[in-house]
Amino acid sequence: MEHQNLSPRPRHGISPSLGELFKRVDEFTDSGENSPAHQTLNISSISSNSRSYPFVLSFHNLTYSVKIRRKLSEPSIFRRTRTLSSPENMADSNSPGNMKILLNEISGEAREGEILAVLGASGSGKSTLIDALADRISKESLKGAISLNGEVLDSRLLKVISAYVMQDDLLFPMLTVEETLMFSAEFRLPRSLSKAKKRARVQALIDQLGLRSAAKTVIGDEGHRGVSGGERRRVSIGTDIIHDPIILFLDEPTSGLDSTSAYMVVKVLKRIAQSGSIVVMSIHQPSYRIMSLLDQLLFLSHGQTVFSGSPRSLQRFFSEFGHPIPEHENRSEFALDLIRELESSPQGTKSLVEFNKSWRRTRNDVQNDDKGEEKLRFKVSLSDAVSASVSRGKLVSGGAGSSHHETSAVQKYANPMWMEMIVISKRSILNSTRTPELFLIRLMAVLVTGIILATIYWHLDNSPKGVQERLGFFAFAMSTMFYTCAEAIPVFLMERYIFMRETAYNAYRRSSYVLAHSLISLPSLVFLSITFAATTFWAVGLAGGFGGFVFYFLAILASFWAGNSFVTFLSGIVSHVMLGFTVVVAILAYFVLFSGFFITRDRIPAYWLWFHYISLVKYPFEGVLQNEFDDPTKCFVKGVQIFDNTPLGAVPAELKIKLLKSLSGTLGMNISSSTCVTTGLDILKKEGITDISKWNCLWITIAWGFFFRILFYFTLLIGSKNKRR
């Protein structure tokens with residue numbers, strides 16, 4: 001009965017996890033002055049004394065199909081008559097003939113300490129299977145069962161204990177390797193871990209990934225020279241394993257790499273597996289050296305399993321199938337070439353699929369005793385197994401969890417929201433300082449615009465022409481604030497996939513991202529607002545003194561805030577930079593049109609009046625107009641000035657005075673050359689600005705900014721789930 005003992009058993013052959021090494025380092029560090037000056041860390045003792053429940057990820061009969069979209073057919077006059085048997089004339093779109101099966105009853109398992117590699121030609125279903133195991137396919141579409149240690153794997157728990165490395169290297173190009181991993185550590189590792197320990201963990205990971213020589217090198221992109229492709233891929237892996245996850249999924253980690261770089265990446269994955277993780281990866285065509293590092297293989301063809309087993313059993317499998325692998329030939333290349341040859345034949349790979357099923361049944365009969373013992377071991381709850389793994393040093397971010405429920409045995413997020421906001425802000429500021437030209441270009445655009453406006457509208461007078469020029473100045477100035485915010489479109493679009501990768505497995509909260517980016521945008525907006533306000537206010541000769549300047553500055557700042565929030569929201573909807581610019585420019589043009597400058601509110605048709613009230617330009621435009629014209633004692637049209645902007649404006653001054661006297665007699669009132677005919681309040685009434693005060697206009701503009709930030713959050717919440725349907 002010794003084999004049926006449910007107590008945790010030592011895991012021989014498994015390397016210690018990073019967490020175990022740090023625990024042992026702490027023991028030596030805390031041993032005090034009595035400890036010898038130089039002590040050796042006995043890794044073998046860690047491995048032999050640590051006890052844990054080994055994890056097994058099992059999947060059974062995974063099936064996934066998608067509906068084939070029917071192509072738009074050309075008009076009947078341009079196409080030949082189709083027969084009734086053609087695909088276009090078959091049954092409705094929900095019929096089986098219009099469904100493409102991407103996975104067809106795929107079964108297998110991945111064990112702790114091993115690498116499971118999924119192989120196959122392009123379109124065989126490799127990435128789809130990885131997505132299915134990583135919970136990147138909706139439960140409604142995926143059929144079958146996925147379990148960990150015999151228990152159904154909950155989506156929330158999987159996010160906490162696993163990591164997913166995408167095929168593309170999604171990294172910030174201007175951060176160094178060390179900075180990238182350090183930010184990942186600050187996201188993934190709990191606040192209870194000191195800064196020094198986090199830094200030590202990053203340094204240990206850099207050595208584990210073989211990145212010591214590139215630690216101080218920036219990641220780089222097309223315009224900046226950085227690390228090599230293989231190093232970049234290892235950094236991508238490092239950002240997701242900093243917290244030592246129990247399960248690691250990778251989608252073609254060797255894609256686009258040379259043979260040496262690909263081997264180095266898989267060698268790193270082998271070390272990660274040996275430290276106590278389950279590694280599941282897809283790979284296109286492994287070399288002979290890479291094959292020696294893999295523990296289990298799963299060959300797919302058109303969504304069906306054609307082989308499942310260890311690399312050593314490939315020779316026997318294909319020999320029994322009637323196609324023995326020649327000596328000195330790469331086993332994986334031979335298998336993939338044979339599968340492609342069968343796929344091009346009329347019968348396809350049906351014979352190989354059926355042979356694999358019978359071959360697997362024969363092997364399962366031989367292994368029944370081992371599986372019976374494994375079922376007994378799985379009687380220990382998954383919650384206890386995860387807790388034991390955490391206590392051993394795995395899953396560092398969940399070390400502080402205290403609940404006994406399996407989905408909350410570890411914390412969902414490693415840090416509180418305020419800590420996440422600090423880290424996101426620090427990273428964004430560092431990125432901005434590495435690319436100062438982006439802010440300088442925007443500053444120059446605002447400054448040049450301010451100088452041009454200041455020189456054109458230099459010291460406006462209080463004449464009727466001065467009134468019209470003031471209206472034109474405010475309309476252009478306020479609309480410029482919104483148009484210069486269009487530069488915010490690429491900011492999130494460049495970070496979109498990095499954000500999706502980091503939030504998919506709970507690196508930080510989406511709300512933390514929105515709040516952090518809202519806060520760090522304010523200093524630059526304040527600086528731009530002061531620059532424009534100081535450049536134009538006194539040069540144009542605007543009214544109100546210092547109090548008027550303060551409101552003018554606040555109106556500009558509110559416009560920048562609302563415009564920046566609006567553009568940020570749109571960047572969460574559109575997926576392409578050029579499309580984003582097109583949409584933003586078009587909508588802002590509509591906002592300007594309905595702002596009340598080109599056509600007053602009273603003249604807008606009733607069916608378009610709603611657009612006037614949702615125009616972002618309306619409220620700051622009306623606010624600054626009231627700030628300029630709300631003084632009832634200030635006169636803008638006196639006596640003979642009523643003839644300005646009319647055909648009588650060219651009449652000599654003496655004749656204007658006579659006309660004024662004649663007009664006074666007709667109206668029965670005395671109108672002299674100094675009589676005030678139009679005040680600022682009259683101008684506001686003429687422009688239809690009577691319903692909202694200037695301070696309410698300011699608050700509404702600020703509220704629009706908060707509204708679009710909230711919409712941006714919900715856009716991220718809905719649009720970043722990144723699951724197939």
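Strand β9 (residues 247-251) pairs with β10 in the parallel sense, over 5 bridges. Please keep in mind that this is a predicted model.

- All 5 of the 5 residues in β10 (residues 278-282) are buried, so the strand is largely enclosed by the rest of the structure.
- In a regular strand, side chains alternate between the two faces of the sheet.
- Both faces of β10 are covered, with I278, V280 and S282 buried on one side and V279 and M281 buried on the other.
- Opposite V280 of β10 stands F249.
- Strand β5 (residues 115-119) also runs parallel to β10, joined to it by 4 bridges, and V118 has S282 as its bridge partner.
- A right-handed β-α-β unit is made by β9, helix α8 (residues 259-274) and β10.

**An open antiparallel sheet**

- Four strands form an open sheet in the order β4-β3-β6-β7, and their pairing is antiparallel.
- Its edge strands, each pairing on one side only, are β4 (99-111) and β7 (151-152).
- Between β6 (residues 143-148) and β7 there are 2 bridges, and L148 stands opposite E151 of β7.

**Helix α26**

- Helix α26 (residues 694-719) has 26 residues and spans 37 Å from first C-alpha to last, close to the 38 Å expected at 1.5 Å a residue.
- Its buried residues include L698, T701, W704, G705, F708 and F712.
- An α-helix has 3.6 residues a turn, so residues three or four places apart point the same way.
- Among the elements covering the buried residues of α26 are α18 (489-504), α19 (510-540) and α20 (545-571).

**Salt bridges**

- The salt-bridge count comes to 23.
- R111 and E109 meet through their side chains at 2.9 Å, N to O; R111 is partly exposed at 27% relative accessibility, and E109 is partly exposed at 27%.
- R136 and D131 form a salt bridge at 3.1 Å, N to O; R136 is buried at 11% relative accessibility, and D131 is buried at 7%.
- K426 and E186 form another salt bridge, with their closest N and O atoms 3.5 Å apart.
- Because K426 lies in helix α15 (residues 417-434) and E186 in helix α5 (residues 177-188), this pair ties together parts that are 240 residues apart in sequence.
- K426 is partly exposed, at 37% relative accessible area, whereas E186 is buried, at 6%.
- A network of salt bridges links E186, K195 and K426.

Notes: Residues are numbered from 1 along each chain as its sequence is written. This is a predicted model: local features need pLDDT of at least 70, side-chain atom pairs count only at pLDDT 80 or more; totals for chains, interfaces and linings use all residues. Side-chain values use heavy atoms; hydrogens and water are left out. Buried means under 20% relative accessible area, exposed over 50%, partly exposed in between (1.4 Å probe, protein chains only). Two strands pair if DSSP finds at least two bridges between them. A crossover is right-handed if, with the strands pointing away from the viewer, the path from the first strand over the helix to the second runs clockwise. The expected span of a helix is 1.5 Å times one less than its number of residues. Contact means heavy atoms within 4.5 Å. A salt bridge is a side-chain nitrogen of Lys or Arg within 4 Å of a carboxyl oxygen of Asp or Glu.
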